[in-house]
Structures are given as structure tokens and as C-alpha cells.
Amino acid sequence: MDTVRDFAAFKAQGRKISIVTAYDAWSARIVGRSNVDAILIGDSLAMVMHGHSSTLSATVGLMAVHTEAVARAGAGKFLIADMPFLSYRSGVSSAMEAVGLLMRAGAHAVKLEGVDGHDEVIRHIVGSGVPVMGHIGLTPQSVHQLGGYRVQGRSDSQAESLRRQARALEDLGCFSIVLECVSEHVAADITAALTIPTIGIGAGSSTDGQVLVLQDLWGIDQKHAPRFVRRYLDGDCLLRQALDRYDADVKGRQFPGPEETYS
Ligand code: KIV
């Protein structure tokens, strides 16, 4: 995937879209050599990289630092950077400052959560020539209002609200929408109703694409993973084994050997 136009083209062709998060240069370089279509510099980095208990701790400055690192890796992928907590809720001009920092850091698009109350901000960002990805369903920046990380869209009123938000985001000019932890039938309805692609995470298989957090996919973070995560590697075990082999080699005087030593 080279540009934002590919998102619509892939949906029209019925070709699924794969996205992963990356927060730093070394992992972005690996993603860059894979077939994965795009990279999200998600505000989940506050939890995964910095050990916070929610995404609320991410700031625009922090997002810009990680976006720069990913962009520097030159992965050759479409880069989407998250607008962090409250950065688009204090009016158009402060939202545009945040957008400017993220785009100058190397993002090709920004993502933000929800629509109600900041629809004018979204319109303005899109109108300024910056592609916007929407994000509805479980919106982690609203975790305290949602009462926890819970599946959304199970009641009729929630389902109707999600359908309305999705239509509004398409009308505002978003190029794509993340559906996080949404009942499968609601995600399927929204996907069928929109011309822009839906990207699911815990939203079943009918969405136009999927996104996963890289550390979850690689099995590096051994905390309890949500049901929607598939681990493609036991990265935690492999990395620990490598460390223990190094430790044993050092203590057993096997490392460094002659081949790792200068004459
Ligand atoms: O921050 C993030 O990683 C995200 C994805 C889970 C969609 O928003």
C-alpha cells in the first residue's frame, strides 16, 4: 500500500488490508520488509512502551517522537499516527497544531477516536489535506466513561449509535474507520453500508481489514491478551531463551570467542 487511495481501491477490489502497530525504528524496519500494508503509530504505545495503565498518558510530543522514529526507519509503508487523549477536543486550532507536529514527524495520516463533539475538527483536518482515519466502538481514550474495556454494540441503541457514527465519519471525509471490540453483526452491517474500508480489531472477520498491536502478535507481552488477539510467535519465550543462552555463555566463559575478539 503506497497511498491513502489504495485503501478505497483495496475495498473496491475485495482485497483485505493488514495493519500493525509499530512505535520504534527497529520494529518498523522489520514490518517494512513484510507484506503488511500499513503501520499505525498507536497511542497504545503509552501502555506497551511506557508501562502506563491506559492510553490517557500519551501526549502529542510523545506521539511525535515515536512517529519520527518509525518514519526514520524508512519502512516504505503508509504511516498513520494517533491523535492522543484530548488533543482534538480543545478546538480546531490546537487540534491543527497537533496534526502539524504528527505530519511533520513523518505521518501520512492521523487517527482519532469518536466523532460527537469534534465533527468540525475532523472536517477541518480533512479540508486541510490531511487524511483522517476514524475509530469507534471501544475507544480506549474514553475507558473511564465506558466503564472498562468492553465489547460495544451489543444493545440495539449502541448498535444504532455505532452505525450513525460510522456514517458521520464517512460523510466527514475519513478514508477509513477502525472498529474496535464491536459485535460481529454490527461490524458487518457498517462494513456493508460504507464505501470506505473498515479496519477491525476484535470486530470479527467481515471488516475490510484488521489491525493488531505488534507485541501482541509477536507474543512479546505475556500479560492476559484479549480474546481477539492471535499470537503468531511465542516471542517472550524465544527472547528469554536467547538471553539465558547469552548469560550461560558469559558465565561459562564461552562468550566472547576468538571470532568476536579483535587481535
Ligand atoms: O493505539 C492503538 O494501538 C490503536 C489500535 C488498537 C487500533 O488504536
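Trainee: How far is the sulfur of cysteine 174 from the closest cysteine sulfur, and in which residue is that?

Mentor: A disulfide is a pair of cysteine sulfur atoms within 2.5 Å. The sulfur of cysteine 174 is too far from its closest cysteine sulfur for a bond, and the whole structure has zero disulfides. That separation is 20 Å, and the partner is cysteine 181.

Trainee: What should I know about the model itself?

Mentor: This is a predicted model, where local features need pLDDT of at least 70, side-chain atom pairs count only at pLDDT 80 or more, and totals for chains, interfaces and linings use all residues. Residues are numbered from 1 along each chain as its sequence is written, and side-chain values use heavy atoms, with hydrogens and water left out.

Trainee: Is cysteine 174 buried or exposed?

Mentor: Buried means under 20% relative accessible area, exposed over 50%, and partly exposed in between (1.4 Å probe, protein chains only). Cysteine 237, at 24%, is partly exposed. Cysteine 174 has 3% relative accessibility, so it counts as buried.

Trainee: Which side chain has a polar atom 2.5 Å from an oxygen atom of the ligand?

Mentor: A polar contact is a pair of N or O atoms within 3.5 Å. Aspartate 43 has a polar side-chain atom 3.0 Å from a ligand oxygen, and for aspartate 82 the distance is 3.2 Å. The 2.5 Å distance belongs to serine 44.

Terms used: Polar contact = N/O pair within 3.5 Å; in protein donor to acceptor, adjacent residues only side chain to side chain.
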